[in-house]
Amino acid sequence: MHKMKWVMPEYLRRNLDRYKYVLLVCALGLLLTLWPQGKKEETAAADGTVQDAGFSAYVADTGALEEQLADLLEQIDGVGRVQVLLTAKRGYEPAYVYNSSSRSDGGEGQTSNEEQSELVVVNRDGGEGPVIASVSGPEYQGAVIVCDGAESPQVRLELTEAVRSLTGISSDHIKISKMKQ
C-alpha cells in the first residue's frame, strides 16, 4: 500500500521561517506561564494578618518579570545584551471574598431593603486574614529595552512584537535603544 506524505504549503513554510523567533518567544512565554509555582503556603504579614503565599509571590516577582523578559529577548538572533524596564499603570490586585445578606421589611405601606456585605476572614496560625478569591495581574503602561542589536530594523520589530504579545503594551509605548559599549 502506498503511504501519503503531508507536505507543508509554501506560504506556511515562508511565514514560519519569517516569524520563527517571534513564535519561539511566544511559546517560551506560554511555557513560563504554565510552569508550576510549587505548593501554596501561608505567610504572616507585618500587621499580623495572614495572606495567601501565592499573592505574596505575585507581588514579590514584579522585578523578576523584567529579568525573565530580558533573558528571553537575549535568545532572539541579533539582539545581544539586553536590559528591560517595565512601568505599570496598575499592579497586582487581590479580589476578596464577601458574604452578602439582604433583608426586606414591609409594613403599613413602607418597604425597606437592607443589604449587608461582610469580608470573609479566616484564622490561620494565630493570625487573621481575608480570603482572596482571585488576583488580577498588572496592567503595563510602557517598556524601555536597551540592547546591542537595536540598530537593526528586524531586531527592533521582533523585540516590539515579543514585548507587545507578552505584556499587552501597545507598540507606540515600547522604546528600543542601542546599548552603549
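Helix α2 (residues 20-34) has 15 residues, which at 1.5 Å a residue should span 21 Å; its end C-alpha atoms are 21 Å apart, so the two agree. The model is predicted. The points below cover this helix, the nonpolar core and one hairpin.

**Helix α2**
- Val 22, Val 25 and Gly 29 of α2 are buried.
- Down the axis of α2, the buried residues fall within an arc of 60°, so they line one face of the helix.
- An α-helix has 3.6 residues a turn, so residues three or four places apart point the same way.
- Leu 30 and Leu 34 are exposed, on the other side of α2.

**Nonpolar core**
- The largest nonpolar core holds 22 residues.
- Leu 73, Val 82, Val 84, Ile 145 and Leu 159 have the most contacts inside this core.
- At least two core residues come from each of α4 (62-73), β3 (82-90), β10 (139-147), α5 (153-167) and β11 (174-178).
- Leaving aside residues up to four places away in sequence, Leu 159 touches Leu 73, Ile 76, Val 79, Ile 145, Cys 147 and Ile 176.
- In soluble globular proteins, nonpolar side chains tend to be buried together.

**Hairpin of β7 and β8**
- β7 (residues 121-124) pairs with β8 in the antiparallel sense, over 4 bridges.
- Asn 123 stands opposite Glu 128 in β8.
- The hairpin has 2 residues between its strands, and Asp 125 takes a positive phi near 50°.
- In β8 (residues 127-130), Gly 127 and Gly 129 form the covered face, while Glu 128 and Pro 130 form the uncovered one.
- Side chains in a regular strand alternate between the two faces of the sheet.

Terms used: Residues numbered from 1 in each chain as written. Predicted model: local features only at pLDDT ≥ 70, side-chain atom pairs only at ≥ 80, totals over all residues. Heavy atoms only, no water. Core = buried A, V, L, I, M, F, W, Y, C linked by side-chain atoms within 4.5 Å. Buried < 20%, exposed > 50% of the residue type's maximum accessible area, 1.4 Å probe, protein only. Contact = heavy atoms within 4.5 Å. Expected span 1.5 Å × (residues − 1). Arc of directions from axis to C-beta. Pairing = 2+ DSSP bridges.
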